[in-house]
Amino acid sequence: MPDATAVINLDIEGPTISRHLYGHFAEHLGRCVYGGFWVGEDSPIPNEGGIRLDVVQALRALDIPNLRWPGGCFADEYHWKDGIGPREQRPRMVNTHWGNVEENNHFGTHEFMALCELLGTEPYISGNVGSGTVQEMSEWVEYLTRDGDSPMVRLRKANGREEPWRVKFWGIGNETWGCGGNMRAEYSADLARQYATYCRDHGDNTLYRIASGASGADYQWTRTLMEQINCFGCEATPRTFFQGISVHHYTLSGPWEAKGSATGFDTEDYYRTMVSARKIDEILTGHSTVMDLYDRGRTVGLVLDEWGTWWDVEPGTNPGFLFQQNTLRDALVASTHFDIFHKHAARLYMANIAQTVNVLQAMILTDGDALVLTPTYHVFEMNKGHQDATSLAVHLRTRDAHRRVGDTELETVSASASVKDGKVLVSLSNLDAEEPAEVTLDLRGGGIAEPVARILTADRIQAHNTPDASAAVAPRPFDALKTTDQGLALTLPPHSFVTVQASLT
Ligand code: AHR
């Protein structure tokens with residue numbers, strides 16, 4: 001049986017794992033917003049002001065820290081003033097990116113902010129650079145966050161909201177290298193500076209401006225942005241134009257043209273997917289290294305505001321709606337990403353899974369009034385104790401826990417750990433599809449008591465949840481833990497994710 005040892009120094013604290021690494025993304029795409037979050041006030045599905053309550057309840061259990069909206073590619077076609085005021089009078093548009101369907105703008109600024117309040121999460125607004133104007137974006141910030149009396153404040157109050165909202169996260173464009181305008185990095189960096197200038201901090205609301213960044217391993221894009229980041233003439237104290245830089249990376253098992261089925265895949269596809277998932281480590285390292293050259297103090301955050309798996313849409317569904325099932329494979333992609341995110345906690349400030357409901361690697365799938373929690377949902381739930389915890393470095397000796405996949409050596413055990421409020425949380429994944437893995441947790445510099453473990457696995461890597469079998473992949477207690485002189489020993493079944501929580505002594 002392949003075996004691995006994870007050495008964890010309980011008394012050597014690493015950087016804080018930003019809770020925003022567990023962020024989410026909801027775009028006007030397919031059935032994410034309409035049907036997923038929003039059913040309208042007249043729907044028979046229980047709702048509050050049109051927002052479906054079963055989805056809210058399920059997501060509250062994840063403690064989601066932020067929600068990015070309205071896109072994605074849609075954000076660069078979205079004109080926020082079309083989404084305020086009486087719903088029946090709102091102008092309509094065509095969602096040209098996603099299915100060419102008509103958008104009625106019934107879910108707009110007020111509805112999104114109400115959703116964030118119900119979820120107890122922070123809004124992350126993605127502003128339109130591709131087809132909008134500086135004035136339009138500047139006025140949206142004013143509408144949302146300014147107090148007192150001003151044209152946009154009067155408009156907000158006329159629409160029923162007296163108090164300003166608090167909004168911290170503000171995206172300046174999305175994928176400006178592609179659907180957000182097909183720009184060159186140099187031009188995009190100049191626009192980011194221009195837009196950032198007019199996205200004002202009103203009163204004590206301080207924005208965290210996120211410039212549209214690279215696709216995958218395009219480190220030159222990040223370099224171009226970092227070269228342009230300082231605003232020496234802004235105020236008495238020089239500051240950066242933007243506080244974060246984004247990057248997007250999706251996990252596939254092959255080329256874009258042949259993504260394959262979400263459920264109908266074989267073991268080879270599975271291993272190729274795991275290699276692709278692990279690539280995020282190299283990508284984050286590459287961008288962080290470039291950023292370190294310009295920002296040694298690590299004041300600028302790296303923001304992976306789109307990540308996740310991308311498969312062919314489910315047969316019979318609109319190809320523009322990106323609706324896919326979600327299996328144990330997706331769950332292990334997520335758990336591996338989180339281990340890598342935790343390792344990059346010093347620079348990586350935010351990450352947003354694409355997308356929360358009914359699109360790509362979703363937490364929740366709905367069908368009419370039915371709701372299913374996906375295997376990925378359970379990874380977010382099992383890992384939530386890492387949010388805002390102090391990371392603990394995990395030194396893994398994986399010995400024979402490897403698989404040859406093409407010309408890549410895939411490490412099949414993945415792990416990360418953190419400590420918060422006197423509790424240590426260790427996450428462990430066995431990515432091997434066929435073999436169990438014997439793992440020793442060699443804990444140094446402290447002791448632990450009362451370990452409690454949970455496991456997420458199933459008989460097949462293709463296992464997934466449906467309305468008729470909603471708990472085919474669900475967490476269960478895992479008691480096959482042995483306390484040893486070194487720490488703990490456990491055997492991870494093939495294709496499994498395990499969390500161990502214990503008190504520090
Ligand atoms: O998440 C789906 C799409 O993927 C987003 O709209 C876009 O930003 C990315 O290409």
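Start with a helix and its cover. This is a predicted model. Select α6 and the elements around its buried residues: among them are α5 (185-198), β10 (208-215), β13 (244-251) and α7 (267-294). Now show side chains on α6 itself, residues 219-227. Which residues of α6 are buried? They are Trp 221, Thr 222, Thr 224, Leu 225 and Met 226.

**Next stop: the ligand**

Select the ligand and the residues around it. The shell holds 13 residues. The closest are Glu 27, Cys 73, Glu 175, Tyr 250 and Glu 306. By class, the shell divides into seven nonpolar, three polar and three charged residues.

Now look at individual contacts. Pick the side chain of Glu 175: one of its N or O atoms is 2.8 Å from an oxygen atom of the ligand. Move to Tyr 250, where a side-chain N or O atom is also 2.8 Å from a ligand oxygen. Then select Gln 355, which has a polar side-chain atom 3.1 Å from an oxygen atom of the ligand. How much of the ligand's accessible area does the protein cover? On its own the ligand has 280 Å², and the protein covers 94% of that.

**Next stop: aromatic rings**

Show every Phe, Tyr and Trp. How many aromatic pairs does the whole structure have? A search finds 25. A pair of aromatic rings is described by two values, the distance of the centres and the angle of the planes.

Zoom in on Trp 307 and Phe 338. Their ring centres are 5.6 Å apart and their planes stand at 85 degrees, so this pair is edge-to-face. Trp 307 sits in strand β14 (residues 301-309) and Phe 338 in helix α8 (residues 328-343). The pair links distant parts of the chain, 31 residues apart. Both residues are buried.

Phe 341 belongs to helix α8 and Trp 307 to strand β14, so the pair ties together parts 34 residues apart in sequence. Buried means under 20% relative accessible area. Trp 307 has 1%, so Trp 307 is buried. Phe 341 has 0%, so Phe 341 is buried as well.

**Last stop: a ring cluster**

Select Trp 38, Trp 69, Phe 74, Tyr 78, Trp 80, Phe 107, Phe 112, Trp 140, Tyr 143 and Trp 170. Ring pairs link these residues into a cluster.

Technical notes. Residues are numbered from 1 along each chain as its sequence is written. This is a predicted model: local features need pLDDT of at least 70, side-chain atom pairs count only at pLDDT 80 or more; totals for chains, interfaces and linings use all residues. Side-chain values use heavy atoms; hydrogens and water are left out. Buried means under 20% relative accessible area, exposed over 50%, partly exposed in between (1.4 Å probe, protein chains only). Helices (H or I, at least four residues) and strands (E, at least two) are DSSP runs, numbered from the N terminus. Contact means heavy atoms within 4.5 Å. A residue is near a molecule or strand if one of its heavy atoms lies within 4 Å of it. A polar contact is a pair of N or O atoms within 3.5 Å; within protein, one must be able to donate a hydrogen and the other to accept it, and residues adjacent in sequence count only if both atoms are side-chain atoms. Accessible areas come from the Shrake-Rupley method with a 1.4 Å probe; for residues, only the protein chains shown count as cover. Ala, Val, Leu, Ile, Met, Phe, Trp, Tyr, Cys and Pro count as nonpolar, Asp, Glu, Lys and Arg as charged, and the others, Gly among them, as polar. Rings of Phe, Tyr and Trp (its six-membered ring) pair if their centres lie within 6.5 Å; planes under 30 degrees apart count as stacked, over 60 as edge-to-face and the rest as tilted.
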